[in-house]
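Subject: Structure for your review

Dear colleague,

Please find below the structure that I am handing over to you. My notes on what was found in it follow directly after.

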Amino acid sequence: MATTEFAVHGAEHGAVRGPVVNDFSIQVATVNGSGSQSANTVLLRTIFQMGVPVSGKNMFPSNIAGLPTWYTIRASKKGYIARKKEIDFLVAMNPETAREDTMSLASGAAVLYDEPLKLNELRSDVTFYTVPYDKICAAVCSESKLRKLVKNMIYVGVMAQLLKLDMAEVEKALRKQFAKKVKAADLNWNAAKAGYDYAASSLTKADPFTVERMNKTTGMIIIDGNAAAALGCMFAGVTVVTWYPITPSSSLVETLIDYMKEYRVGDDGKATFAIVQAEDELAAIGMVLGAGWAGARSMTATAGPGISLMAEFAGLGYYVEIPGVIWDIQRVGPSTGLPTRTAQGDIEFVAKLSHGDTRHPMLLPCSVAECFSMASDAFDLTEQLQTPVFVMSDLDLGMNNWMSEPFQYPEKPQNRGKVLTAEELERAGGFARYKDVDGDGVGYRTLPGTDHPQAAWFARGSGHNENSGYSERPDDYANNMDRLAHKFETARTLIPKPEIVCNDGNEVGIIAYGTSHHAVVETLDQLQGEYGVKADYLRLRAYPFTSETHDFVAAHKRIYMIDQNRDAQMLQLLKLDIAIEEIRKLRSVRHYNGLPIDARSITDDITTQEGK
Amino acid sequence: MATTAAPQPKTNRIGLTVLDYRGGKTTLCAGCGHNAISERIIDAFYEMGVAPERVIKVSGIGCSSKSPAYFMGRSHSFNSVHGRMPSVTTGAVLANAKIVALGVSGDGDTASIGIGQFVHLMRRNLPMIYIIEDNGVYGLTKGQFSATADLGSKLKTGVINDLPPIDTCALAIMLGATFVGRSFSGDKRQLQHMLKAALAHRGTVMLDVISPCTTFNDHEGSTKSYKFVKDHEEPLHDLNFVPHFNEIDVDYDPGTCLNVTMHDGSSLRLRKLEEDYDPTNKTEAVKRVMESHDADEVLTGVLYLNTTAPNFIDMINMTDQPLATLPESVTRPSRAVLDECMEALR
């Protein structure tokens, strides 16, 4: 099947195991467009409401309806929320993939399947439960066209009974899911109950997986990264938003539109923002830079193919020194690639996006909380540094639901950077746009519309001198480029510092960024628990690298850089940034099959390289 | 010793002299039509009394796009990337809808590399003036045909253009621009009145100004040469713009003259040279423009005018204060809002 690379057949072949509580993964294999998303969300939320740490990942095709889709839910009492490589419980709803899905399971897993599929004939080392969906459906739903949708809620009921989920929590989750659609909620609730009753009367529990109440999710929220980013941008004070629809970034702006309409329209009914769907990504970033030049907090959201188109404008933004925030919700490339699968594939490209010598700061959120908080960081940085700032999320983070502590209100006032008002200009008697007055490489700017005869400067992507005048003089060009390089050094001091998760003097150091974090946290435990290997861990939160990262490399004998791309892109960037004698310390762990990275793969790779 | 005071320089209604509207020294070729257009822009903005600090000049790449450096030095300017002036201008106008946006582009910048952004800008009816300085060739790369070159027009090298031209005016009218004109850099009076009328309009003004390239496209056989345009110019009407602040108005004959009241209260008087031409009729306007190609005419004048369509800023229903300078108290919702959002996600 498409979502596990190979089956891990355990030693417990068919053996009865002790109970496995709050530590398993469920995979629902279905067809996209069949309405299973609601059912899966209810299942996820129920476990969450029972206080058990949970994560959900949707592995879906680039298609509107009719192709295989898998949704995995992981419950983990230890709080691991990365993808688990092994599937413990399969809900087989898709006849097309059911056999392959079943065959790839590890021994000891459980399968819930639709009666006509007869999957129980395939293997003897997994537990099978059969459900006559059509019969149950017919009993609870008189309208035949709704049956396809209701069918999904039946497996929720069956799973609730088998996993010992609290049906009161199922109902709460279900009613939240359908919100104001009471009729739909009732219909689905009846289906869930029917599934539960069927399981109670006709199925005998024979697998070890159950859920028990914990208190590890109290007060927490569930949100996807794109929605978190949208909230973050709204609270960061964004005013101009442009976009061109592209998976997996579209929902970021669509959610932002909803929030802004709700919370950023004044008492007079007028919007304190403008959101424009542009004709393409070229126009989207052109508008962002036009708005940034004129002083707005402006942004766009895109993915790899859009980033490719934005290269020209990215260079302009760097060279003319204009703020603008670009969210890259990375997906698998090159070209169209796998539009609905995740990767960290744009790192090296974005770092230097443009022809000519160019460098861009990148923020690297690993969680929904950071999608929120880094929105403010990005807008402050882009205006402080007067250069485009990229926020490198990915599909796994952006489109999947994650649990999180509630977001912290941004306490820092907005930093709007060095902008001269008419009064300041009058006092100063003029200004030179690109003069490094403060020694940080960042000049002063004025905004169009500033009411002073000396306010104007000439923004141009062609060669310019300190006064923004056209210049082809060798010294003007070189001095300007040197100042831009110096400004990038200033960026190192302003960007979010890496999070040093542990630094206990071990020989092995792991560096990761973005969504790899959740797998690495689990890998650290696996390395120590299973192999006795203790490792230190630094999580990058931004590019360029800061002194903490240089120190971390210097302090370890072997550094493993975790990249979700084929070419070890972050490692390549790090190579350019450290002393030659340090480069040989760098080792690479790469994951690039389109699926969210998992701990087991990292652990296996590191232990192999460590000779364990 | 003279006893009388030295004569004061003439000023406009906001107390500025025409010198306050000047820019840097042009680096374009002597006789370039673009320089004449720059002069007309200076005159129009001066005469209308538009504060240069309220103006942005945005351009793409090419000879035409260099020209904003040569007028109105007290205005912010952005010489951006090839064919992308529309998006940059759009962003700037969204950020500050109070500024007067002037986009300067060329035929290559607009009709070839920039045609995508051009057509979508027209659809939005963004308040701005879009001038195409149209000479039918790429000047900065030494004289290749552009997409507005007419069928059969000849390059200096003898190459004949065998592809049909893109008529930017016809496109603009069809797509939603609300003030579309064609003029000629050599027709001082018409261009000046048209530019002043453009400043009175709140919506996309698209002016295709034929602007001969003296170096690469001013020879016999070119349809964008001074001689060809002078010989083939066919004005639709005699333009007379009466600004709203003019104290003395002149009578006009409604029988022979169409009077249009502009957004700012100014009047645009079109003395009919073609009896049945109605510039407020979209279909007729496009038809007449297309006919002019068959007749080898350079049809000039206000081809289309619509003063009732909503512009992009109206449609967005944006707050009156420029978005760029909204205070944090307006752009950052309260702590209570975040609490509410968090509660909904539990």
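Two residues are taken to be in contact if their C-beta atoms, placed from the backbone, lie within 7 Å. Please bear in mind throughout that this is a predicted model.

I begin with the domains of chain A. The domain assignment divides chain A into domain 1 (20-210), domain 2 (223-404), domain 3 (422-494) and domain 4 (499-609). Between domain 2 and domain 3 of chain A, the C-alpha centres are 25 Å apart. In the contact between these two domains, 13 residues of domain 2 of chain A meet 13 residues of domain 3 of chain A. On the domain 2 side, α10 (304-320) and α12 (368-385) of chain A each contribute at least two residues. Sorted by class, that side of domain 2 of chain A holds eight nonpolar, three polar and two charged residues.

I turn next to the interface between the chains. Chain A brings 58 residues to the contact, and chain B brings 49 residues. On the chain A side, the elements that give two or more residues are β9 (221-224), α7 (225-236), β11 (274-277), α9 (281-293), α10 and β18 (458-460) of chain A. The largest share of this side, nine residues, is supplied by α9(A). In terms of class, the side of chain A that touches chain B consists of 37 nonpolar, 14 polar and seven charged residues.

Strand pairing also links the two chains. β18(A) and strand β2 (residues 76-79) of chain B run parallel and are joined by three bridges. Within this pairing, Phe458(A) has Ser77(B) in β2(B) as its bridge partner.

Finally, some remarks on chain B as a whole. Its secondary structure comprises 12 helices and 13 strands. Chain B has a radius of gyration of 22 Å, close to the 20 Å given by the globule rule for 346 residues, and chain B is therefore as compact as a globular protein of that length. Along the principal axes, the C-alpha atoms of chain B fill a box of roughly 75 × 70 × 45 Å. Of the 346 residues in chain B, 54% are buried. Among the contacts in chain B with a separation of 6 or more, 72% are between residues 24 or more positions apart.

With kind regards

How values were computed. Residues numbered from 1 in each chain as written. Chains lettered and ligands numbered in written order. Predicted model: local features only at pLDDT ≥ 70, side-chain atom pairs only at ≥ 80, totals over all residues. Helix = DSSP H or I, 4+ residues; strand = E, 2+ residues; numbered from the N terminus. Rg over C-alpha atoms; globule rule 2.2 N^0.38 Å. Buried ≥ 20, exposed ≤ 12 C-beta atoms within 10 Å, placed from the backbone. Domains from an automatic or database assignment. Nonpolar A, V, L, I, M, F, W, Y, C, P; charged D, E, K, R; others polar. Pairing = 2+ DSSP bridges.
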